[in-house]
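Thanks for coming, everyone. Please take a look at the next slide, and then I will walk you through it.

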Amino acid sequence: MFGGENFVTSKLNAAIGWARKYSIFQYPFVTACCGMEYMATACSHYDVDRFGAGLPRFSPRQADVLFVVGTISHKMAPVLKTIYDQMTEPKWVVAFGVCTCTGGFYDNYATVMGIDTIIPVDIYIPGCPPRPEYVLDGLMKLQEKIQLQHSGKPYPKAQMYHAGQSFSV
Amino acid sequence: MDTTTLTESIENQMIRKEMLLNVGPAHPAMHGIIRIVVGLEGEVVKSTEVEIGYLHRGFEKMSETVAYNGVFPYTDRLNYVSPLINNMGFAMAVEKLIGLQVPDRCHYIRVIMSEISRVSDHLTCIGASAMELGAFTVFLYMIKAREFLWELVEMVTGARLTVSYCRVGGVKADLPAGFEEMTRRRIAEVRKVIAECDKLLTRNRIFVDRMKGTGNISQAEAVSYGITGPFLRATGVNYDVRKNCPYAVYDRLDFDVPLGTEGDNLDRYYCRMEEMEQSLRIVEQCLRDIPGGAVAVDPETGRPMQTEDLHRMAASEMVDEAKMGKIYKVSGKEAVVDPTLEGTDKKVWKRISAGEKRVSLPPKEDTYGNIEGLMNHFKLVMFGHGIRPPRGEVYFPVEGANGELGFYVVSDGSENAYRVRVRPPCFTILAALPLLLNGDQVADIIPTFGSVNMIGGELDR
Amino acid sequence: MLDNPSLFDLLHQRFPAAILSTHAHRGDATVTIRSEYLLDVARFLRDEPGFRMNFLMDLTAVDYLTFGQKPPGRAAHFNAGVAVRPPAFIQDQIPWPGPATGARFEVVYHFYSLETGHRLRLKVPVEEDSPQVDSLTPVWASADWFEREVWDMFGIRFKGHPNLKRILMYEEFQGHPLRKDYPVNRRQPLIGPIN
C-alpha cells in the first residue's frame, strides 16, 4: 500500500521542500541601483511577504537565499565570496539585475562580468533594474526550484531558470 | 588589592584601550558599499577611516567610449534615486558646449521631472535613515509615496528608475496626455504622506534625541570640505545652485531655500522635509506656466486641427505626392502619421527639442514617413556617426539631490566625449565623515551616515 | 561682481610670471598656470577680496595623450558624423585655445566663490615623465579625497598630501585606469577568472 517503500521519505522530502520554499530568509547583498527596486519589491506596494520571503536577514549565517543586488566590482568580489562561504547549506543564490547576470553594459576594468564567475547562481533575474513584478516572478521560480530539489525529480539546467521564462518539468 | 581599586584599574584599562571596529562593506547601515574602520574608546568614536570604491564602475572611462547620447544611460546610474537630475546635468553641459538653446517647454519638462526626482530622493533618504533608527512605518509610508511618484515617472519616460529621458538638445518625448491632472493628484497624495511622516517623526522623542546634536559640522568646515546641497544648507550657508547660478527656468520660479542653524542631523532632516515641499511647489508652478501642449489631430484625416500647423501633412499623402514627383508640395512639410499608429498626440517635437538637425533626433513620424527624416535619424544613431560638438571644455553645475552635481566635458570634436568628469556631491560629504563621527557615540554612526544620503553610484561612479 | 577680463587682469598683475594663458570659452573663466606657482595662486584666490574662492568645487585631471588623433574608427565611415558649429546667436568671440602644448596631463581645478558668485577654472599642465604638482590640502580640505582620486585614476602625485593612496581601486591594481593608454576592459581581478 501507499505505493512502495519510499513513500514516507518522498512525502517527507516534499513536505520539507514545501516548508523551505515558503520560509525563505534572504540576505540582500545590495550594492547599487537595483537596490531601489529591491526596496520597492520588499515594501508594501509589491509586498514580497506574500510569497513567504518577507524577512531579510542581515547575517549570512541566518539566511538561505543570497540576493546579489547590483553591480559587483572587482574590489567587491572577495567580499561577496566571503559572504557566500559564510552561509550555511542549503543555500541558493539569486542574481538580481543584469550586472550580476552578465556584467551589463559596464564592460570595463572595474566590474565583474557576471557573478557566476565567482559563485554558483540558481536564478537569474535580468533587467536594468528588473521591475518588481519581474523580481516576484524570479522568486516564484526559485520556490519551484527549491520544491523540485526536494521531490527527487531531475531538475532542469540552471540556465533554464530565469525570470520571465516558463519551463515545464 | 581591594576590590574598588581593582574595578577602577579594569575600568581604566577598558577606557584607555582603543578598540578597532570594522563596519561594512556588507553592513546594512552602510548601504552595502562603504567600509568604515572606527577606533573606539568605550562607546566613543575616536578615529574613523573611510574606505570607498566598492561600486566603482568606470563611468568616466565608459563615457569616453560611447557617443554623446549614449552617455545618458550611464548618467542614470550615477545617482540612481534621482536619475533625471543627472540626465539634465549632462544634457545641459553638452548643450553649453555646442552652444545650443532648447525651447522653453523642454526646460519646463526637465525641471518638472528633476523636481519629482528630488522629492523621491529625499523620501528615500529620510525613509531609509528613519528605518535604520527603528521607524519602519515611516520607511513603508515613504516608499509608498515614492511609488506614487515613480508611477508618474513611468508614465512620462516609460521606465521607473533608469529613465534616460533627456537627450542632447531636448527630451525623448513630450508629456503624455493627462499628465497634469495625474500629477496634481499625486502631489496631493505625496503631501498627505509627508504630513503623516512629519507627525510620526518631527516630534518623536526617540527620533529627535538621536538626531539632535549628532553629526555636527560647522559652516567653515563644511565650506572647506566643499560640501553642498541640503547638507551645507543645514549649517546655515545659503548656497543652492538653483538660486545662485540659475539654470533652465529656475529664475522664473518662486521657491524658498530652507536653511538650518546647527548643522546636525536633525537640521538636515528638517531641510530635506522642507525641500520636498518646495519641490512640489515648483512642480505646481511649472504645470501652471508650461507653454505649448500636444497638438490635437483629427482622428478622421490624421491632419492637425490647429491652423498653426498648416505645414504638417499626413504621411500617406506625402508619399503619394512624392511618388508623382510633386516635391514642391512635400518640401518644407512635416509628416503626421495616421492616428491609429499611436504617437500622434506627441506631434509637438519642435517644442521639446532644439530645432537643430545635427543634434536632435527627428520625430518617429518623420523617421518612418520620409527619407530626410530617416537619413537624419541614421546620421545621428549609426555607429561612428552622431553628434560632434566643437572642440572645447565646459563645466556645468546643476543642483542634484545631494548638492552641486557638475559635469565637466572636454570634446576633441569627435563623436565621443574626450573626457567626462562628474563632480559627485556625496563624495565631498563622505570625505568629511571622520569629522562628523569623531567624538560621537557608536550608535550615532547610523543617523549620521543616514543623513549623508550616500548613493553609491554617484560616490564611486 | 567682476567680469572675466578684470578677473584675469587681477591675476596677471599679481602673478605675471605664473600665467601661461587665459580664456573664457563659453563663459567659463579659465586660467592656465605653471605648476610651481600653484600653492601661491591658490592661497591668493582664496584670500584676495576680489576672488574669495572659498569652495574648491572640483579637482580632476585630463590626459591629453590622444587628443585630436582619434584612433582608427571601428566603423567604415568613422569620420562621417555631423559636426556641429555653434549657432550664430552664441557669441563665440573667445574660441577654445586647446590643451596646453607639450604637457600630457592637465590638472583641472574648479573654484566657486560664495561671496562674489564667481566661478574660475584653474589648469596646471603636468609633464608625463614626472607627474607631480603641489597638494592643495593645506588650503582646502576637499582637496584631500579629490587628489587621492586623481592619483588613483591618473597617477599624478601630489607633493605634501598627507595620505596619498588609492581610493576607488584596490591596492593590488596595477596602472591608472583613466589614462588614455589603459585599455578600457583590461581587468585585474582579485578572485575569479579574467573575463
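Which residue of β2(B) is the bridge partner of B:M19? The partner is B:L40. Before I go on, a word on what we are looking at. This is a predicted model, where local features need pLDDT of at least 70, side-chain atom pairs count only at pLDDT 80 or more, and totals for chains, interfaces and linings use all residues. Residues are numbered from 1 along each chain as its sequence is written, while chains are lettered from A and ligands numbered from 1 in the order in which they are written.

Back to that bridge. Strand β2 of chain B covers residues 35-41. It runs antiparallel to β1(B), and 5 bridges join the two. Strands here are DSSP runs of E, at least two residues, and helices are runs of H or I, at least four, numbered from the N terminus. Two strands pair if DSSP finds at least two bridges between them.

Next, two helices of chain B. Helix α6 spans residues 136-157, and helix α7 spans residues 179-201. They pack at an angle of about 165°, with axes 10 Å apart. Axes are lines fitted to C-alpha atoms, for helices over the stretch in contact, and angles run from 0 to 180 degrees between N-to-C directions. So α6(B) is roughly antiparallel to α7(B), a label for angles over 145 degrees.

Who meets whom? On the α6(B) side, the residues include B:Y141, B:F148 and B:L152. From α7(B), they include B:F179, B:V190 and B:L200. Contact means that C-beta atoms, placed from the backbone, lie within 7 Å. By class, this contact has 16 nonpolar, 2 polar and 4 charged residues. Ala, Val, Leu, Ile, Met, Phe, Trp, Tyr, Cys and Pro count as nonpolar, Asp, Glu, Lys and Arg as charged, and the others, Gly among them, as polar.

Last, domains. Chain B has domain 1 (69-292 + 387-419) and domain 2 (307-381). Those bounds come from an automatic or database domain assignment. The centres of the two domains, taken over C-alpha atoms, are separated by 34 Å.

That is my tour.

Technical notes. Parallel < 35°, antiparallel > 145°, perpendicular 65-115°, else oblique. Contact = placed C-beta atoms within 7 Å.
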